[in-house]
Amino acid sequence: MNWNIAADAFFWCVLIYVLAHAAAYLALNWLAWRAMRQQRAWLLAEGRAPVPSGAEPPISLIVPAFNEERIIVSTVRSAMQLAYPEFEILVVNDGSRDGTLRALVETFGLSPFPEAFRAQLRTEPVRGVWWSPRHPALRVIDKDNGGKADAINAGINIARHPLVCVVDADSILMRDSLQRVVQPFLHHPHTVACGGTVRIANGCTVESGFLTGVGLPRKLLPLFQVVEYLRAFLFGRLGWSPLNALLIISGAFGVMRKSVVVECGGYLRDTVGEDMELVVRMHRLLKAQGRHYRISFVPDPIVWTDAPEDLRTLKNQRSRWQRGLSESLWKNRGLLFARRGGAAGWLAFPFFVLFEWLSPVVELAGYVVTVLLAVFGQVNWVTAAWFLAACLSFGLLLSTVALLLDELAYRLYPHPGQLARLLGAVVLENFGYRQLNAWFRLVGMVKWLTGRRAAWGAMRRSGTWQSS
Amino acid sequence: MELLSPSFIASNAADPAERTLLLALVAFTLTTGGLILLAVLGVFCLRLFHDAERRREQAFRERWEPLLFEAMGAQVAPPTLAPAQRRAFLELWLSVQSHIREEASENLNRLARAMGLDEDALRLARRRSLAARMLGVRALARLREERAWPDLERLMRSGVPALALKAAQAMVEINPARAFPGVTAVLRAGREWAPAQVVQILHSGGEHARQALAELLAQAQAADGRHLIRLLSLIHNTVMLPILRERAARTADPEELAEILHALGRLGGGEDREIVLRHLASEHWVVRMKAAQALGLMGESGDEVRLVALLADRSWWVRYRAAEALARLPGMSLARLRALRKVVADRYGRDILAQVIAETEPAA
């Protein structure tokens, strides 16, 4: 075999892949920028954030909880303070083995409540519903363990309002989170789902369950994730929204039209990427029916979440995400290039397959093969070095553009020291973190391919944001 | 730089194919490197710019806000501003305006006219930038500037919903009688406008808004009618009731009928009870639900039998609203509800009644 030709072909393939990836991401960033400007036009009209008018549809806030004894009471207390005209809070205790239910019952004076609900979605048995007239908007659903998707489905069965908002127990909301995320439903009556920007809470200040001060984490690992969230979760997702091709709404915070979720069969219980899988399924089913619908994204930061601070937790998370991505794409492969697939089927789906799902394989293969070819003398070190430089510069470009767009739009980190640290993270993440991430994702992909059972694993919460 | 020279590349590439590859890699890396440097430079420049702008704004506010507060109560000499400061002053003037009452607002308007800010607002409304146009429109609304009418009409028909809505609102605030014929046509088409802003327009339009809404409703098709009726409920417009009653009699659209029943429940009176009762047995669950809900607001003790019958409805929502309505009937008590639960034959009806009884019981 002519190794030189093979080596050249390999490098060309990877280079073309990287070029295409960069072009697609830059196009997404441009779309995201345009979408942000349009959405901010409403802010310009009023000179302030949207205020409740009474026209907002009521929302059922669903909080799935498993072994959240330590934080569940503060989560519910902060949810009760959300500035929104009408909403209810449904905490679903998914068979916790700790004192999650006891903490809620004792704190809020709950009693068993004869809820007459209609089980439109199949779930593990519900043991009971708890309620108190002192907190009429709060209900706690106690059920047998069935996983996060099962817990959310139980919440949907009992939800009374037309919109459901799924929130992780450890998510830190803003007081106007619901008000912001509901805007697309007001502006576009065909909206069926809307996601919001998730930011990293590590290093921030939290009081009474609400974010009061934005800061950066001290440790490098969560700091890299701040940059990563900017790149992937903010501008990556916002860019798809105007094309109605958003394939994922974060499980940490997302609002959906209950009737459509039920119609689509609710969250799947046999996948770890239940949030993405449902959204992709919505696209697939609604497009197949030829229905007019929108799935939107709100660019303003509306929920903050704890990022893993140790490698083990990060590995579990990234492996799970890749597995969830694989499951979501595979289960809904009918959307790919579907005749009525629209931008979701003809642009977003192939993008996710090529540049999200396949990228850990391409990235790691790029590094490993390059080094091996150079070691065995099949390619000279200069070529290998420039190739690695090309890969690194590509990663750097995406992150610095994300930082630039964030500076244009939000300036969330106002201190010069914070900016310097972020720029440092933008550079450093390319020397180890990205590669490690790719490895974790590859592990998740292999687990999916080999059919190994997935589990959420335990997240070691840092709680580095100060709370009172 | 030697690393980038053609001779270096030629000497490090075994063959033309590898030379091409190496050139491509170098070109890609240098291009992205350049873009990265530009982006980093952009970040720093933006940061410096915004920090300086924030300091300027702060200093500007500290300098001129006291004057504006003083102008609210007494006549003050119009300040002389550099051309570059006039827009910032207009923004500050608007910011102060948004927190004060009508009398003080008039004094500030006088100051603005004396300074020529009305001309500035007109010029801003004619600019291409969205931010400039928004600022101009907001200022013109505050100034009640009728000269801006042609510009506001043009902006109301622009393709930017936020701007169109703001221009419509400005016209209504300036001259509602003159505004509403044009605003009405745009309202009919603007189903994707934020209801909050539309409600604001209608609220500030007074009697003219009611007439406009009546005209729209009289001519509206079902889908538009639903939208308008929903808005009607939000502004508590009882003048529309005759139109709603007439539409209830002729509409074939269950969603629109449901909205009408909802509005009648909130706004109507005893005379609308017959309309509500007529639809308790509708074949559409959403109509039955809204009828039950409306009966809870206007029902009589004699409606108990009708609502108990609905406890056996196949739709959960109809059962729930019927149970809630039962609990609200005049003279209804918890003891009576418990007694009713014992005699309701339908299992689901008993369950929903148990839930509503638990919700109605006072806190322990």
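Is Tyr25(A) buried or exposed? I looked this up at the start. Tyr25(A) is buried, because its relative accessible area is 7%. (Buried means under 20% relative accessible area, exposed over 50%, and partly exposed in between, with a 1.4 Å probe and protein chains only.)

**What I am looking at**

This is a predicted model, where local features need pLDDT of at least 70, side-chain atom pairs count only at pLDDT 80 or more, and totals for chains, interfaces and linings use all residues. Residues are numbered from 1 along each chain as its sequence is written, chains are lettered from A and ligands numbered from 1 in the order in which they are written, and side-chain values use heavy atoms, with hydrogens and water left out.

I checked the confidence. The predictor gives the complex an ipTM of 0.80 and a pTM of 0.85. Chain B has an average pLDDT of 85, and 89% of its residues score at least 70. (pLDDT is the predictor's confidence in each residue, from 0 to 100.)

**Ring pairs**

I looked up aromatic pairs next. Rings of Phe, Tyr and Trp (its six-membered ring) pair if their centres lie within 6.5 Å; planes under 30 degrees apart are stacked, over 60 edge-to-face, and the rest tilted. The count is 18 aromatic pairs over all chains. Tyr25(A) and Phe351(A) are edge-to-face, because their ring planes stand at 65°, with the centres 5.8 Å apart. Tyr25(A) is in helix 1 (residues 3-46) and Phe351(A) in helix 11 (residues 342-357) of chain A, 326 residues apart. (Helices are DSSP runs of H or I, at least four residues, numbered from the N terminus.) Phe351(A) is buried too, at 6%.

I then found Trp330(A) with Trp448(A), also edge-to-face, at 6.4 Å centre to centre and 65° between the planes. Trp330(A) lies in helix 10 (residues 311-331) and Trp448(A) in helix 14 (residues 416-449) of chain A, so this pair ties together parts 118 residues apart in sequence. Trp448(A) is buried at 18%.

Ring pairs link Tyr17(A), Tyr25(A), Trp240(A), Phe351(A), Phe352(A) and Phe355(A).

**Charges over rings**

Trp330(A) came up again. The charged end of Arg333(A) sits over its ring, 3.9 Å from the centre. (The rule asks for NZ of Lys or CZ of Arg within 6 Å of the ring centre and within 35 degrees of the ring normal.) In chain B, Arg63(B) lies over the face of Trp64(B), at 3.9 Å from the ring centre.

Last, I checked Phe376(A). Phe376(A) is in the loop between helix 12 and helix 13 (381-409) of chain A. Phe376(A) counts as exposed, because its relative accessibility is 61%.

Notes. Helices (H or I, at least four residues) and strands (E, at least two) are DSSP runs, numbered from the N terminus.
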